[in-house]
Amino acid sequence: MIKENLSDTGGIAISSIAFAQTLVAWQKQHGRHSLPWQNTRNAYRIWLSEIMLQQTQVTTVIPYYSRFLERFPDVSALANAQQDEVMAYWSGLGYYSRARNLHRCAQIVVEEYEGIFPSDPVLLEDLPGIGRSTAAAIAVFSSGVRAAILDGNVVRVFSRIFGIAEQPGDRKAKEKLWHLAYELLPESDLEAYTQGLMDLGATVCVRSRPDCSICPFSGSCVALAENRIDELPAKKTKKVSPSRKTVMMVLLSDGDVLLEKRPETGIWGGLLSLPECELPEDAGNEEIAELSRLKSMASSFGQATSFQFLEPFIHVFSHFRLHITPCLIGLDSRQLRAEEEKYVWYDMNRLDEAPLPAPVRKLLNGSLRQQVLKLVD
């Protein structure tokens with residue numbers, strides 16, 4: 001039986017064998033079986049899907065996954081590609097360190113493992129961008145290795161079914177959850193069991209409004225029995241997200257737009273974006289419009305002939321909110337600043353090829369159609 005200390009109440013228990021059998025039977029009948037990365041032992045495709053699915057929904061990943069595979073059909077193709085091209089194919093998926101790690105991981109697999117992903121989860125975990133749970137998933141699906149996963153969906157499933165009240169990020173709670181993950185592992189049907197955990201958390205035991213009526217564990221779930229579904233897993237204390245303000249300069253000249261390569265680390269690392277003029281957090285629209293610093297910055301790129309402020313918008317990151325005011329700036333002649341290697345003039349008609357963050361791509365695709373708020377001569 002599952003040890004009593006894995007449930008706060010001890011009033012509901014299910015054996016590890018019964019848990020695995022129930023989950024496997026449910027997955028085979030009700031789980032997902034036709035996702036693009038399923039029904040294969042191809043470690044490259046499985047690894048790619050697992051990295052893309054980190055903190056990203058399946059429906060969002062599918063078109064990116066298909067397009068990525070068309071361009072990079074195997075690990076060698078990815079390893080030999082230029083990073084800018086890899087970033088361009090990742091553009092819009094967010095969490096761009098994943099793409100940089102993906103590229104470096106492919107290079108290591110080619111250089112050190114002759115293009116064959118190791119089947120040992122410990123060796124997989126040593127590769128860039130692959131954590132403990134991801135390594136286990138890759139090993140299970142590509143090689144049938146007996147290994148335990150513990151991603152966010154699984155944490156939610158375990159916390160509710162077994163009534164684990166501690167905040168999952170706490171060290172002791174994490175240790176308890178990993179212990180449980182290994183204790184519940186079956187000896188066979190590893191792929192169906194692992195996929196079942198993923199499917200149950202993604203389609204039934206979801207964060208908000210889970211459908212307990214169709215859950216195979218509704219009769220043995222502590223959270224359901226004690227009406228604690230909304231409480232578990234325990235949530236972190238919410239912090240007020242700080243905010244920043246910036247003007248994104250859309251500098252246009254002869255059908256080209258000026259883009260700036262961002263540093264490898266930090267927000268949108270390694271991508272091309274628009275030059276920015278950061279603002280005080282309390283800056284208002286009038287102050288933005290009259291900002292002499294903006295005009296000075298623009299003049300360092302060329303002779304500015306017009307300034308058009310477009311409708312501001314907000315982009316939400318995981319740890320702060322960025323208030324963006326776009327400004328269309330027409331240039332009559334070009335000149336680059338001293339750090340010109342950071343900048344590139346890009347044909348507006350070729351922006352689909354550029355590695356751009358999603359909000360910048362959306363802005364550039366629609367900037368000329370947006371309502372002009374103010375014109376500064």
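Helices (H or I, at least four residues) and strands (E, at least two) are taken as DSSP runs and numbered from the N terminus. The model is a predicted one, in which local features need pLDDT of at least 70 and side-chain atom pairs count only at pLDDT 80 or more, while totals for chains, interfaces and linings use all residues. Residues are numbered from 1 along each chain as its sequence is written, and side-chain values use heavy atoms, with hydrogens and water left out.

**Proline 121**

Proline 121 belongs to helix 7, which covers residues 121-125. Its C-alpha atom is separated by 5.9 Å from that of alanine 139, a residue 18 residues apart from it along the chain. With neighbours within four places in sequence left aside, proline 121 is in contact (heavy atoms within 4.5 Å) with Ala135, Ala139, Val145 and Ala147.

Strand 1, residues 243-253, is mostly covered, since eight of its 11 residues are buried, where buried means under 20% relative accessible area with a 1.4 Å probe and protein chains only.

**Cavities**

A cavity is a set of points, on a 1 Å grid over the protein atoms alone, where a 1.4 Å probe fits but cannot get out, and its lining residues have an atom within 4 Å of a point. Grid points are joined across faces, edges and corners, and a volume is the space filled by probe spheres set on the points. By this rule there are three cavities of 30 Å³ or more, and the largest cavity has a volume of about 80 Å³. It is lined by 13 residues, of which Ile161, Cys205, Cys212, Cys215 and Cys221 are the closest to its centre. The elements that give two or more residues to this lining are helix 9 (152-161) and helix 11 (190-204), and helix 9 gives the most, with three residues. By class, the lining of the largest cavity has 11 nonpolar, one polar and one charged residues, where Ala, Val, Leu, Ile, Met, Phe, Trp, Tyr, Cys and Pro count as nonpolar, Asp, Glu, Lys and Arg as charged, and the others, Gly among them, as polar.

Terms used
On a 1 Å grid over the protein atoms alone, a cavity is a set of points where a 1.4 Å probe fits but cannot get out, and a pocket is an open set with protein on both sides within 12 Å along at least five of seven lines; lining residues have an atom within 4 Å of a point. Buried means under 20% relative accessible area, exposed over 50%, partly exposed in between (1.4 Å probe, protein chains only).
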